[in-house]
Amino acid sequence: MPVRIATTHLEFEGQVYEQRVVLEGDEPPVWGPDAELSVVGTAAPRVDGRERVSGAAVYSHDVRLPGQLFAVGLRSPHAHARVVSVDVSRAETMPGIRLILTRFSDPNLIDPARKRAILGEELLFHGMEAAVVVAGTREQAHDALSAIDVTYEPLPFVVDPAVALRPDATHVETARTSNIASEDYPRTYERGDVEAGLRDAGAMVEVRFETPAALHNSMETHGAVASWDGRTMTVYSSTQDIYGARGQIASALGLQQNQVRVIKQYVGGGFGSKFGAHHAGLIAAYASKQLGRPVHYLLSREEENLAAGHRPASIQTYRLGATSDGALTALDLRAISNTGALGSWMSAVSLAAKELYLCPNVRTIDLPVRTNLGTQSAFRAPGVVEATAALEVAVDELAQALGMDPLEFRVKNHAPNNQLMDGRPYSTKTLLQAYATGAERIGWATRDDEARRFPRGRDGYLRRGVGMASQIWGGDGGPPAQAIAKLLPDGTAVILTGTQDIGTGTRTVLAQIAAEELHIPLAHVRVELGDTEYGVFSPASGGSMTLASVGPAVRMAAVRLRGELLEIVSHFTEAPVDALEVREGRVYARETGRDFGAIGEFLGQLDGHEISAKGMRGPNAEDVTNRTFGAQFAEVEVDIGTGQVRARKIVAVHDCGRVVNPLTLSSQMEGGIIQGLGFALMERRIVDERLGRVMNANLEGYKIPTIRDIPEIDVVMIGEANTRANTLGSLGAGEPPIIPTAGAIANAVAHALGKPVRRLPMTPDYILDLLGEP
Amino acid sequence: MRAFEHISTASAEEAIERLTENESGEARLIAGGTDLLTLMKADLAAPARLIDLKPASHLRGVKGHPGGSLQLGALTTLAEIERDATLASMYPILIQAIRDAATPQLRAMATMGGNLLQQYRCWYYRDGLRCWLAGGDECFARTGQNQYHAIFQQGPCVAAHPSDLAPALIALDATTTIQGQTGERETLVEDLLAAPAESRRVPHILGQHEVITRINIPASSATARGIYLKAMDRQAWSFALASVAARLTLEGNVVRAARLVLGGVANTPWRAHEAEAALMGQAITSELATQAATLAMQGAASLAFNGYKVRLARELTRRAILLTAGVEP
């Protein structure tokens with residue numbers, strides 16, 4: 001079949017990339033809103049649920065290969081220091097020690113993403129790798145750490161981004177004369193005239209809002225088991241991007257990409273922090289190549305929380321103006337993001353300001369600042385989670401200044417099309433419907449009722465409040481994404497893709513799509529993924545793009561394979577192809593209903609020969625913008641005596657196009673909301689500024705929500721198939737649910753207390769300080 | 001964690017014998033291990049020998065006596081106490097404190113005796129810094145991140161006592177029976193727990209060669225009313241930001257005996273003596289509860305980030321007094 005090369009645009013985590021992709025054949029017509037589907041759209045339980053709950057699923061941590069060694073890192077106790085010398089003579093004679101990596105012995109151990117030595121001369125944060133020990137057991141490696149004598153020369157450091165921005169600030173890295181993340185910053189976006197818009201405003205608010213550094217705390221930490229056999233490097237990497245990991249490892253070790261095989265069958269979470277091999281994976285591969293034995297290096301929870309990335313802390317200062325009848329006239333944002341020691345880019349903190357509301361005059365300034373703390377990474381809707389919280393708090397305050405209902409204000413300032421792309425239309429936008437549905441279900445109309453706000457009366461210590469926030473995000477994915485569908489001699493199917501299931505249910509929904517088009521039972525489909533050896537490229541599982549990218553490729557492969565199947569059946573039955581149909585894995589005559597038998601009966605006659613077909617995701621439409629939209633509404637209860645905030649209910653109304661599986665979708669929604677609730681109420685990395693140390697790099701001091709903290713969650717999906725997005729009509733649902741939760745809770749707390757909220761998380765100490773002495 | 005020798009023992013006497021053996025390296029007792037293992041994994045403790053008390057089954061279990069006094073074996077787990085329906089009706093403070101402690105998994109392992117001997121959770125100490133508690137000179141928390149630390153200052157260290165059980169036991173006038181080399185002694189829980197001192201940098205006064213064998217609750221405590229209130233920064237699995245155990249003996253509405261013991265605010269559970277005195281002989285009213293709660297905070301000296309605890313602990317105390325007396329706060 002002839003191939004062609006197409007150019008398409010892919011939006012990933014708020015950035016637009018131009019992609020060239022090889023395409024072959026045509027995609028099937030889109031499943032419209034009225035498509036009659038029997039497997040897609042059903043609440044199928046996870047196809048790998050049994051493996052996951054029984055412990056049979058093998059994660060990178062669990063891999064044990066013959067002769068496997070274990071690596072443990074020695075990490076900087078200083079926020080900033082020079083490694084003057086490393087004496088390993090005591091450590092290397094200890095039992096079981098096989099290899100010790102240091103900056104002196106291993107200057108060529110390179111992080112290709114940053115083009116710098118992993119074990120460098122200058123340590124830039126508490127928790128940065130200073131040396132690595134490889135030993136027969138993890139305990140032997142751990143015991144040797146304290147026998148490595150490192151001479152550090154402590155250097156001045158800075159951990160507060162506001163301080164790091166001062167002209168005379170300490171340099172985060174000696175060789176860099178500025179602490180601004182890169183020469184691309186500060187970056188300003190401007191449309192219209194903000195100052196004029198503020199001058200003309202009938203009401204104006206200024207809000208300075210701070211959000212914390214939040215840790216992903218994936219159940220499975222970063223790292224890998226790597227095994228070099230002299231020709232091929234096989235890496236069981238804890239990654240959400242096996243192809244990205246493969247490229248990095250090949251580059252770091254000077255191998256061809258096809259000499260590296262990356263395997264990841266089950267992922268214990270990633271949330272954006274696992275694009276690539278990560279340092280621990282690169283170190284494992286490097287050590288394995290030196291030793292010729294498998295090396296296991298997966299981070300401890302403490303290493304993970306010091307060095308494996310986080311959502312950067314932000315300081316956002318908004319100025320908003322509106323006419324006295326409530327039309328936005330100006331939106332001005334200065335956003336500082338604390339990107340850590342090596343953070344060179346700024347996440348999309350300004351996206352909501354630019355696109356969420358209709359506003360002619362907008363200016364945003366992105367100011368990412370480096371500090372002597374661990375480096376940031378993407379975290380589920382990077383930038384937009386913290387941006388939405390702050391912007392939506394400011395919007396509520398502007399509505400209040402105008403004496404307007406905050407929801408009415410949002411309806412009035414609804415943006416009908418994409419202001420970032422000269423008014424290009426959205427393929428669908430159901431945000432107004434989300435507002436109406438959510439308002440109905442939370443009881444917005446009665447939110448100011450005395451009995452509701454004061455459940456113990458005006459003199460009692462409880463206050464309740466209701467707040468809401470909007471959600472805008474991408475999620476349309478795009479090419480390149482491939483799939484191969486095969487029918488086996490017994491009539492069951494295998495789908496091969498190079499994607500990953502990072503816990504979202506990818507295996508299950510891809511199986512549903514294949515079963516739908518092959519017309520065979522779901523139980524007859526097996527989905528293989530997470531292995532570069534299949535040679536079927538898929539993108540990273542991130543940016544809410546997996547389903548919308550890989551799903552259409554699987555569908556196309558299944559459609560083509562069904563065509564091949566019918567040709568074969570036609571050959572054996574001598575019935576024309578269009579007179580045949582497949583239902584539930586059996587072939588029937590379309591007219592008479594005659595049963596020709598199970599498809600395995602035909603495939604079994606091929607002497608073990610299997611049939612297969614390829615599918616690939618086609619280009620995105622260039623004349624519309626595909627977005628996911630939604631709104632969340634929160635009801636909270638605040639104890640004004642103790643400062644404790646409890647969420648009572650979250651209503652989440654979202655549009656992600658066609659829902660392939662309501663069960664995996666509700667898991668995504670609930671997970672995102674719970675993570676958003678943690679961000680709103682308790683999660684916060686705490687740093688001692690005098691010592692430059694993170695104090696809570698563990699699950700005791702860094703609080704994530706427990707089951708008791710989780711309120712009633714009411715999820716409503718209001719979308720139907722988006723016929724402009726892709727042949728499924730589906731958009732991604734991974735990131736949307738975390739985006740508005742914290743803003744909705746913050747606005748509910750402000751409503752309950754009648755006081756403006758200025759930071760997250762809203763912990764008891766903050767709430768009591770906010771309330772002041774009674 | 002460093003390699004160690006594991007020694008099983010069948011009784012407190014045998015354990016003491018093993019503790020006093022003239023072997024090289026430190027020997028430590030282990031029961032549930034929920035605290036000691038975390039210290040060992042962080043290299044904060046590296047005993048050469050662990051003397052395991054768990055086989056001493058006679059140190060496990062609850063004995064009730066006519067009249068209501070109670071003996072709790074030191075090896076009884078928190079979960080076993082929690083499940084005891086009789087205790088729940090007679091000693092609500094105890095059960096409420098246990099239900100708010102840690103997690104079900106931890107409560108299934110953690111023992112009553114071990115709970116009283118647990119080390120502080122201060123994150124500077126647990127992070128391996130050589131702070132005063134770890135044998136150094138400086139308390140980093142005093143001038144650092146101290147939002148979880150003490151508001152009543154008792155010495156060089158500002159760590160807050162982490163136990164939920166201890167304030168409850170002190171409010172119940174509980175004692176511990178301690179087995180030593182030369183015999184038994186009985187000590188109030190209130191006296192067992194003491195602010196660490198220059199030569200004894202642990203939060204208790206138990207000797208190196210002593211074992212807690214039981215906890216005793218007097219009969220008089222069973223008839224009183226009590227409550228345990230705890231504030232956390234989430235709904236479970238957190239040490240107290242502040243907590244209070246309150247017990248009142250009432251005649252009608254008039255207070256004949258009062259115990260108010262705060263957790264999470266000092267090196268030890270903090271007995272609010274002035275507040276207790278203010279309640280004596282008085283009828284409980286909203287004003288009296290507020291007045292007593294204010295007295296309970298007398299002498300508080302908060303640090304840079306824990307000023308909120310004063311207000312929090314005062315409010316919990318006020319509510320506890322009212323709730324114990326059956327008044328809605």
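**Two chains and their contacts**

Chain B and chain A bury about 3,300 Å² between them, with 47% of that on carbon and sulfur atoms. The model is predicted.

Biologist: Which residues of chain B lose the most area to chain A?
Modeller: Start with the contacts: 37 residues of chain B touch 39 residues of chain A. Three residues of chain B together make up 24% of what that side buries. They are Arg234(B), Gln235(B) and Arg311(B).

Biologist: How many salt bridges does the rule find across the interface of chain B and chain A?
Modeller: One salt bridge joins Lys703(A) and Asp233(B). Their closest N and O atoms are 3.6 Å apart, and the cut-off is 4 Å. Across the interface, the count is 7.

Biologist: Which element gives the largest share of the side of chain B that touches chain A?
Modeller: The interface has 17 residue pairs in polar contact. On the side of chain B, the elements giving two or more residues are α8, α9 and α14. The largest share is 8 residues, and it comes from α14(B).

Biologist: Which residue lies over the face of Tyr461(A)?
Modeller: Look to chain B. The distance to the ring centre is 3.4 Å. The residue is Arg319(B).

Biologist: Why is the pair of Tyr243(A) and Phe537(A) called tilted?
Modeller: The structure holds 8 aromatic pairs over all chains. In this one, the ring centres are 4.7 Å apart. Stacked needs planes under 30 degrees apart and edge-to-face needs over 60. The planes here are at 50°, so the pair is tilted.

Biologist: How many residues apart in sequence are the parts that this pair ties together?
Modeller: Tyr243(A) lies in helix α5 of chain A. Phe537(A) lies in the loop between β25 and α14. So the pair ties together parts whose separation in sequence is 294 residues.

Biologist: Is Phe602(A) buried or exposed?
Modeller: Phe602(A) is in helix α15 of chain A, and its ring pairs with that of Phe572(A). Phe572(A) is partly exposed, at 32% relative accessible area. Buried means under 20%. Phe602(A) has 6%, so it is buried.

Biologist: Which side chain makes a polar contact with the side chain of Ser541(A)?
Modeller: Ser541(A) sits in the loop between β25 and α14 of chain A. With 2% relative accessibility, it counts as buried. Among the residues it touches are Gln240(A), Phe275(A) and Thr499(A). The polar contact, at 3.5 Å, is with the side chain of Thr499(A).

Terms used
Residues are numbered from 1 along each chain as its sequence is written. Chains are lettered from A and ligands numbered from 1 in the order in which they are written. This is a predicted model: local features need pLDDT of at least 70, side-chain atom pairs count only at pLDDT 80 or more; totals for chains, interfaces and linings use all residues. Side-chain values use heavy atoms; hydrogens and water are left out. Rings of Phe, Tyr and Trp (its six-membered ring) pair if their centres lie within 6.5 Å; planes under 30 degrees apart count as stacked, over 60 as edge-to-face and the rest as tilted. Helices (H or I, at least four residues) and strands (E, at least two) are DSSP runs, numbered from the N terminus. Buried means under 20% relative accessible area, exposed over 50%, partly exposed in between (1.4 Å probe, protein chains only). A charge sits over a ring if NZ of Lys or CZ of Arg is within 6 Å of the ring centre and within 35 degrees of the ring normal. A polar contact is a pair of N or O atoms within 3.5 Å; within protein, one must be able to donate a hydrogen and the other to accept it, and residues adjacent in sequence count only if both atoms are side-chain atoms. Contact means heavy atoms within 4.5 Å. Buried area is the accessible area (1.4 Å probe) that two parts lose on being put together, summed over both. A salt bridge is a side-chain nitrogen of Lys or Arg within 4 Å of a carboxyl oxygen of Asp or Glu. Lists of a residue's contacts leave out its neighbours within four places in sequence.
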